[in-house]
Amino acid sequence: MYSGKLKEDLLDKLFEAILVLKNIDECYQFFEDLCTVAELKSLAQRLEVAKMLGENLTYGEITKWTGASTATISRVKRSLNYGADGYKLVLDRLVLSNKKGFL
């Protein structure tokens, strides 16, 4: 069970709401209302950066393909090395389930 520094009731409610979504279309509907376009694109970019770091691509290659700044890449790398292993959990599951674009 997660017991990290972010644990709080409001976040529990948000995550419970996300867990009731059934498909990508529902995710688009919910997250379009919840986040700005820039916020969503930033989240998607970070996930792709994490995937690429796991593939041992260089910062230059990652910047070229994602447009991410070196600061963003460094932040994601720090999370991969010292974070709560959330990126690893999700990326491993995506690979196992053969989700498009994550092979």
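## Order of the helices

Read along the sequence, this predicted model follows the pattern α-α-α-α-α-α, and the protein accordingly holds six helices and zero strands.

## Overall dimensions and surface

Taken along the principal axes, the C-alpha atoms of the protein fill a box of roughly 40 × 30 × 30 Å. The protein exposes about 8300 Å², of which carbon and sulfur atoms supply 59%, while buried residues make up 16% of its 103 residues.

Among the contacts in the protein that have a separation of 6 or more, 36% are accounted for by residues 24 or more positions apart.

## How α1 and α2 pack

Two packed helices are described by the angle between their axes and the distance between the axes. For helix α1, which covers residues 9–19, and helix α2, which covers residues 24–34, the angle is about 150° and the axes lie 10 Å apart. Because angles over 145 degrees count as roughly antiparallel, α1 is described as roughly antiparallel to α2.

On the side of α1 the contact is made by Leu-14, Ala-17 and Ile-18, and on the side of α2 by Phe-30, Phe-31 and Leu-34. The residues of this contact between α1 and α2 divide into six nonpolar, no polar and no charged.

## The start of the chain

Met-1 is found in the segment before α1, and with a relative accessible area of 97% Met-1 is exposed. Between the C-alpha atoms of Met-1 and Leu-47, which are 46 residues apart along the chain, the separation is 23 Å.

Technical notes: Residues are numbered from 1 along each chain as its sequence is written. This is a predicted model: local features need pLDDT of at least 70, side-chain atom pairs count only at pLDDT 80 or more; totals for chains, interfaces and linings use all residues. Side-chain values use heavy atoms; hydrogens and water are left out. Axes are lines fitted to C-alpha atoms, for helices over the stretch in contact, and angles run from 0 to 180 degrees between N-to-C directions. Helices (H or I, at least four residues) and strands (E, at least two) are DSSP runs, numbered from the N terminus. Angles under 35 degrees count as roughly parallel, over 145 as roughly antiparallel, 65 to 115 as roughly perpendicular and the rest as oblique. Contact means heavy atoms within 4.5 Å. Ala, Val, Leu, Ile, Met, Phe, Trp, Tyr, Cys and Pro count as nonpolar, Asp, Glu, Lys and Arg as charged, and the others, Gly among them, as polar. Buried means under 20% relative accessible area, exposed over 50%, partly exposed in between (1.4 Å probe, protein chains only). Accessible areas come from the Shrake-Rupley method with a 1.4 Å probe; for residues, only the protein chains shown count as cover.
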